[in-house]
Amino acid sequence: MSERKVLSKYYPPEFDPSKIKRTPKSERPTGPKLMPVRLMAPFSMKCTSCGEYIYKGRKFNARKETTDEKYLTIPIYRFYIRCTRCSSEITFKTDPKNMDYACERGAKRNFESWRDPESTELKETDEERLDRLEREEAEEAENAERNAMEELEQKMEDSKREMQIADALDEIRTRNARIERGERGNKEEEALALSRQQADEQKAAQELADEEAARKAFQQANVDKARLDEAIELQGDVDAVEAKPTRPPVPTFERVKKPKKPLVPVLAKKTADVVPPLPTAPKTLGLGLGDYDSD
């Protein structure tokens, strides 16, 4: 197996290095440089050979060429792709002036309504474009200010309208109330006076009833008190007749001796409770001749 990194290379016997001609870079022919790139279709197009539609965003393995054309020191590039159906070559290049791409050959760009070639935007110069943009910005600022003023005026009108509606409603309510009072013919005032009179009468009747109940209660209490006083006086006279005059004992400051407690109260209690047994006659054994007196 051969080495991956060869240190010594093989030279055949008929090798002649003088036959190898090398030209310096300065003497080499200069031309368009091509390099392979991977890109997506910048616009939708239709192939002129087979009529295949190639939509925007489709990926291709393309060749990129740097042309000698320039726009304001910006280089212009050309790209080569092939149709996905018939493999015919399609070329397009960059357009830095319009910030877009321009199709050259092999395909036709689809119509886009916003890119009408006859429109004034594509034909206008840089100065005209700048003037148009400034004019549009000024118009937008003016419209914004006008819209703000219109909104403020609309709000003021709405508030005035609401106030007028509220005033009209209040006027209608007062008129309806006035009409209602006129149709009733002061019946409301009579009803109010009658209700007030009834309330006053009820209040006076309640006060009279309370006064009568208090008077009766006081009278009954006075009668009971008089009877109780009479009974007490009669009982006092009877007690005074029956009772004899007794003098209260004279207080003394002599010491009173208290009885001593037993040392062992439990034993004393037990001895007091125990009753001594009664004496019994001794039993005699025999024939029962104890009472017999012999000579």
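E142 and R146 sit four residues apart in helix α2, which means that about one helical turn separates them. Helices here are DSSP runs of H or I with at least four residues, strands are runs of E with at least two, and both are numbered from the N terminus. The term salt bridge stands for a side-chain nitrogen of Lys or Arg within 4 Å of a carboxyl oxygen of Asp or Glu. E142 is partly exposed at 45% relative accessibility, and R146 is partly exposed too, at 42%. For these labels, buried means under 20% relative accessible area, exposed means over 50%, and partly exposed is in between, using a 1.4 Å probe and the protein chains only.

Before going on, a word about the model itself. It is a predicted model, in which local features need pLDDT of at least 70 and side-chain atom pairs count only at pLDDT 80 or more, while totals for chains, interfaces and linings use all residues. Residues are numbered from 1 along each chain as its sequence is written, and side-chain values use heavy atoms, leaving out hydrogens and water.

Helix α2 spans residues 126-184, and it holds another pair to look at: E136 and R132, four residues apart, or about one turn of the helix. Their side chains meet in a salt bridge, at 3.2 Å from N to O. Are these two residues buried or exposed, or in between? E136 is partly exposed, with a relative accessible area of 34%, whereas R132 counts as buried at 18%.

Now step back to see the chain as a whole. The protein chain has four helices and eight strands. If you follow the sequence, the pattern reads β-β-β-β-β-β-β-β-α-α-α-α. Of the 295 residues in the protein chain, 11% are buried. The chain exposes about 28,100 Å², and carbon and sulfur atoms supply 55% of that area; accessible areas come from the Shrake-Rupley method with a 1.4 Å probe, and for residues only the protein chains shown count as cover. Contacts give another view, where contact means heavy atoms within 4.5 Å. Among contacts between residues at least 6 apart in sequence, 38% join residues at least 24 apart.

How many salt bridges does the structure hold? There are 13. One of them links R78 with E65, whose closest N and O atoms are 3.8 Å apart. R78 lies in strand β5 (residues 74-82) and E65 in strand β4 (residues 59-71), so this pair ties together parts that are 13 residues apart in sequence. Both R78 and E65 are buried. They also belong to a network of salt bridges that links E65, E69, R78, K93 and E104.

The strands bring us to a sheet. Strands of a sheet pair through backbone hydrogen bonds, either parallel or antiparallel. In this model, an open sheet of three strands has the order β3-β2-β8, with antiparallel pairing. β3 (53-54) and β8 (107-109) stand at the edges with a single partner strand each, so one side of each has no neighbour in the sheet. Two strands count as paired if DSSP finds at least two bridges between them, and two bridges join β3 to strand β2 (residues 45-47). Within this pairing, K46 stands opposite Y53 in β3.

An unreviewed UniProt entry carries the annotation "binding site" for C47, C50, C83 and C86. They are spread over 40 residues of sequence but cluster in space, with a largest C-alpha distance of 8.9 Å. UniProt positions are given in the numbering used here, feature names are shortened, and annotations may be inferred rather than shown by experiment.

C83 is buried at 4% relative accessibility, while C86 is partly exposed, with a relative accessible area of 33%. S88 is buried, at 16%.

What do they touch, leaving aside residues up to four places away in sequence? C83 touches C47, C50, E52, I54, S88 and I90. C86 is in contact with C47, S49 and C50. S88 touches C47, S49, I81, R82 and C83.
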